[in-house]
Amino acid sequence: LISVHGVPAELYGFFAACPPIGFVTGSWVCSRLTTRFGIERMILAGCTGILLTGAAIVGLDLGVGGPYAIALPMIAFGFSNGLSMPNAFAGGLSVYPRIAGAASGLQTFCQMGGGALGTLLVAEFAVRTGWELGIMVIAGGLAALAGGLMVLLPWSPPSGTAGQGDGQAARPD
């Protein structure tokens with residue numbers, strides 16, 4: 001944003017705040033809608049939003065250009081992450097509650113590893129323009145959507161049976 005679009009350093013904070021503003025808003029909406037629509041639908045909605053955000057960045061950067069063509073869609077990117085990430089973590093931890101600590105560690109490892117891989121790819125492909133960033137967002141969105149669709153596959157336990165069949169005997173209260 002600074003080197004390609006000439007955003008002054010003193011305004012960069014506004015642009016950098018766009019994704020977190022979207023994430024906080026998306027997480028708040030997520031907390032209100034998950035009980036109504038379910039974890040799976042919220043994850044898929046968030047992943048779809050990421051794909052649409054990437055397409056918007058590509059289209060706006062090629063059509064209009066400028067820093068707002070990147071920054072404003074990043075609010076939607078953050079929002080979409082806010083819909084999907086809390087549900088993905090909650091869903092992953094609820095499948096087998098007995099090993100929730102291990103699941104949490106694995107989820108965090110995958111999140112950090114994915115971030116490191118994404119950073120490596122952005123650096124390797126010298127992503128400097130908005131449309132290139134949009135392509136990277138679309139690629140990440142496709143990966144997230146593929147992971148989100150895995151919850152719908154036959155080997156994945158449905159939400160209502162989370163924790164059943166993990167070898168734990170039911171404890172009377």
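Predicted model: local features only at pLDDT ≥ 70, side-chain atom pairs only at ≥ 80, totals over all residues.
Student: How much of the chain is buried, and which elements does the chain contain?

Tutor: Buried residues account for 27% of the 173 residues in the chain. The chain has five helices and zero strands, where helices (H or I, at least four residues) and strands (E, at least two) are DSSP runs numbered from the N terminus. Read from the N terminus on, the order of elements is α-α-α-α-α.

Student: What describes a pair of aromatic rings, and how many aromatic pairs are found in the whole structure?

Tutor: A pair of aromatic rings is described by the distance of the centres and the angle of the planes. Rings of Phe, Tyr and Trp (its six-membered ring) pair if their centres lie within 6.5 Å, and planes under 30 degrees apart count as stacked, over 60 as edge-to-face and the rest as tilted. A search of the whole structure finds three such pairs. In one of them, the rings of F14 and F15 have centres 5.1 Å apart and planes at 75°, so this pair is edge-to-face.

Student: Which pair does F14 form with Y68, and where do F14 and Y68 lie in the chain?

Tutor: F14 and Y68 form a tilted pair, with 6.5 Å from centre to centre and 55° between the planes. This pair links distant parts of the chain, since F14 belongs to helix α1 and Y68 to helix α3, 54 residues apart. F14 counts as partly exposed because its relative accessibility is 45%, and Y68 counts as partly exposed because its relative accessibility is 49%. F14, F15 and Y68 form one aromatic cluster.

Student: Which residues in the helices show separations between C-alpha atoms that are far apart along the chain?

Tutor: V29 is found in helix α1 and counts as buried because its relative accessibility is 17%; its C-alpha atom is separated by 7.2 Å from that of L83, which is 54 residues away along the chain. V137 is found in helix α5 and is buried because its relative accessible area is 8%, while the C-alpha atoms of V137 and A55, 82 residues apart along the chain, are separated by 8.4 Å. L121 lies in helix α4 and counts as partly exposed because its relative accessibility is 32%; between the C-alpha atoms of L121 and M136, 15 residues apart along the chain, the separation is 8.6 Å.

Student: What is a disulfide, and how many does the structure hold?

Tutor: A disulfide is a covalent bond between the sulfur atoms of two cysteines. Taken here as a pair of cysteine sulfur atoms within 2.5 Å, disulfides number zero in the structure. C18 counts as buried because its relative accessibility is 2%, and C30 is buried because its relative accessible area is 5%.

Student: Which residues lie nearest the centre of the second largest pocket, and which element gives the most to its lining?

Tutor: The second largest pocket is lined by 16 residues, of which L1, Y12, I70, M74 and L133 lie nearest its centre. The elements giving two or more residues to this lining are α1 (12–37), α3 (68–94) and α5 (130–149), and α1 gives the most, with four residues.

Technical notes:
Residues numbered from 1 in each chain as written. Heavy atoms only, no water. 1 Å grid on protein atoms, 1.4 Å probe; cavity = no way out; pocket = protein on both sides within 12 Å on 5 of 7 lines; lining within 4 Å. Buried < 20%, exposed > 50% of the residue type's maximum accessible area, 1.4 Å probe, protein only.
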